[in-house]
Amino acid sequence: MKEAFIWCYPWDLEEEGLDSSLARISGELGLDAISVAATHGDIAELRSRYIAPNHSFVTTSGVAFQPDAGRYSGSRIRPHAAPWLKSRNPLARIAEAAERHRLALRLNMVCNDMPAIVQRHPHAACVNVFGNASGRWMCPSNPDAREFLAALVEDLSANYPARTIELEAFAFSPRRLVDYHASRQPDDDTARALMSWCFCAACRQRARDAGIDADALVANIRERIIRQTEAPAAPTTSFDAYLAEQPQVAAFIRLRAETIASLVETLRTRARKRLILHHSPMAQREGIEPSLLDSHCDGWITTPPSTVSRAQLTGIDMGRREAAFFCWPPMCKDGPALVSAVHEASQAGCLAVGFAHYGAAPLASLEWIRQAVRYARREAY
Ligand SMILES: [Zn+2]
């Protein structure tokens, strides 16, 4: 285990005081790095007592730094500073303070889960099979969205002394793009997957370019969903069985994975930093195919490892994995459970361990983190 880090929101570090919070993370917890949110989705955070004076923090999505405007000229999408930021640039001050406290800086970038962007730039929103746009998810097929993300990683790489950039929500939505009334919303696995897929103009064009009849595909998927709403009690086939019957749908799934792989390849070229990808329990639905992505990144974060099946991690070497942990109940039972999980990850050869997250973790959990990191390091030597 080469690095132990904790995710942090800039507002939590600032409100506690940069020197107090970073001294605690470096000195008391014994961590090597902080991972700071550089862009984030909508947030509603209940905070721990050590962050005074407000117990909650709510904000809409946006970038958490002042963007270098000239870098975004290749896209019609403009970076939207999150409302809490106002005209300040705490990321620059956090970077300086991290250096004083000997903490390496990582930047976490939420890519497509960006309601504020799709509301301002509806042409870049994902669109479901019925033609209804998501109010939340930007489409990773959209050329403007792809160039916007590339400009973001370039801006962060050029202007902040981070060693690592983490990409989160960089693929397609894992959830339905539109929530219809629950009584008319089919809820089997196959329908849930189909209703999360994007059929925006860019996705349809990519499908046509790949030799897929996009109109027939859309008609076929609509029929499958509507049939299910009209006979919800009917036996449903598994998703794998459905794919076996539908070669065009299977081809579309491959296309989605290739779309994400080419996006990550571009982002890595533009980010002149170590690039780490967030894995997800819903990876297949999101178009995340590790075998296509592994050569375009420096490693993977799994959160938390216990909920990600071994099958989903096939193809990811342990030495390229970073294991992340929630550190309070119910996700983590108690201190000994965290010590044991971190030790296991370290012994298995994980590259780094991370903890979610400063400001929300109860004070007692910070002590669990300290013990877990200390024990894993002691046992490693
Ligand atoms: Zn799309």
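Author: Let's take strand 12, residues 321-326, which is mostly covered, with five of its six residues buried. Here a strand is a DSSP run of E with at least two residues, numbered from the N terminus, while a helix is a run of H or I with at least four. A residue is buried if 20 or more other C-beta atoms lie within 10 Å of its own, exposed if 12 or fewer, and partly exposed in between, with C-beta atoms placed from the backbone.

Before going on, please note that this is a predicted model: local features need pLDDT of at least 70, side-chain atom pairs count only at pLDDT 80 or more, and totals for chains, interfaces and linings use all residues. Residues are numbered from 1 along each chain as its sequence is written.

Now for the neighbours. Strand 11 (residues 299-302) pairs with strand 12 in the parallel sense over three bridges; two strands pair if DSSP finds at least two bridges between them. There, I301 stands opposite E322. Strand 13 (residues 352-358) also runs parallel to strand 12, joined to it by five bridges, and F326 has A356 as its bridge partner. To get from strand 12 to strand 13, the chain passes through helix 13 (residues 335-347), making a right-handed β-α-β crossover. Right-handed means that, with the strands pointing away from the viewer, the path from the first strand over the helix to the second runs clockwise.

Finally, F325 is among the residues with the most contacts inside the largest nonpolar core, which has 112 residues. Such a core is a set of buried Ala, Val, Leu, Ile, Met, Phe, Trp, Tyr and Cys residues joined through C-beta atoms within 7 Å.
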